[in-house]
Amino acid sequence: LIGVRAMATIEFFIRENNIETFNIDVLALKYAQDFYGADQSIALLLARKGASLADLRPQIDKYCYVETHDSIEAHHVLFVGVPPLTEFSYSDIRALSQRTLAILAKEAPYTQHLGMTIHGSGFGLDESEALLAQFAGYIDALQAGQFPQKLKKISILNKNPAQVKRLCDSMEQNLANSAFASLQSDPWSYSLNISTLATSTNRNI
């Protein structure tokens, strides 16, 4: 890792918020070779401000990074192309979050706050396993040093309070003995120690 981040931390949040109205630097969404749910609603809002829907449809392993022009509170949106939902797996979720940080390291290195939704629970995958796969992808990127060097926060955004509570409980169960993640109570979050991650081989997740 770059020396200036050797002793830094990144805050990981799970928040009860609407992705359209939450103020963040970048909102990252999957594009599963068609629009669904959250990515569809955001794409339509961007289109109202002049974006071409055709340009927001990246092929698998491609991406598009666009300004929002005040169509939502986030300053930019990143669409990452992934396999169709019928093929989308936990390993794809992990790769999505890892690739998201790696892409932003290149496209938007001054990103301080990234927001994403939880993936998988709406089409048959277990929500806790999906969350852990997504979190593991972030850890992959952080361990490899492939993330925006100004990054301070990663927020998982969800409007369902009951699901937010379940996801928080799942993280607490799986990170109870973690060497790199410290639970914070106000607001609920985990502080991820970058220097510990850089040398860790046991992720405890």
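Buried means under 20% relative accessible area, exposed means over 50%, and partly exposed lies in between, with a 1.4 Å probe and protein chains only. By that scale Ala51 is partly exposed, at 28% relative accessibility. The model is predicted: local features need pLDDT of at least 70, side-chain atom pairs count only at pLDDT 80 or more, and totals for chains, interfaces and linings use all residues. Residues are numbered from 1 along each chain as its sequence is written, and side-chain values use heavy atoms, leaving out hydrogens and water.

**Fold and dimensions**
- Five helices and eight strands make up the elements of the chain; helices (H or I, at least four residues) and strands (E, at least two) are DSSP runs numbered from the N terminus.
- Their order from the N terminus is β-β-α-β-β-α-β-α-β-α-β-β-α.
- The radius of gyration is 16 Å, close to the 17 Å that the globule rule gives for 205 residues, so the chain is as compact as a globular protein of that length.
- That radius is taken over C-alpha atoms, and the rule is 2.2 Å times the number of residues to the power 0.38.
- The C-alpha trace spans about 45 × 35 × 30 Å along its principal axes.

**Packing and surface**
- Of the 205 residues, 50% are buried.
- Contact means heavy atoms within 4.5 Å.
- Among contacts between residues at least 6 apart in sequence, 71% join residues at least 24 apart.
- The chain exposes about 9500 Å², with carbon and sulfur atoms supplying 46% of it; areas come from the Shrake-Rupley method with a 1.4 Å probe, and for residues only the protein chains shown count as cover.

**Cysteines**
- The disulfide count is zero, where a disulfide is a pair of cysteine sulfur atoms within 2.5 Å.
- Cys64 is buried at 10% relative accessible area.
- Cys168 is also buried, at 8%.

- Ala51 sits in the loop between helix 1 (37–48) and strand 3 (63–67).
- Leaving aside residues up to four places away in sequence, Ala51 touches Leu46 and Leu56.
- His69 lies in the loop between strand 3 and strand 4 (76–81), and its phi is positive, near 50°.
- Asp70 is in the loop between strand 3 and strand 4, has a positive phi of about 65°, and is exposed at 69%.

**Cis peptide**
- Asp186 and Pro187 are joined by a cis peptide bond, with omega about -5°.
- Pro187 falls in the loop between strand 7 (181–185) and strand 8 (188–193).
- Most peptide bonds are trans, and most residues other than glycine have a negative phi.
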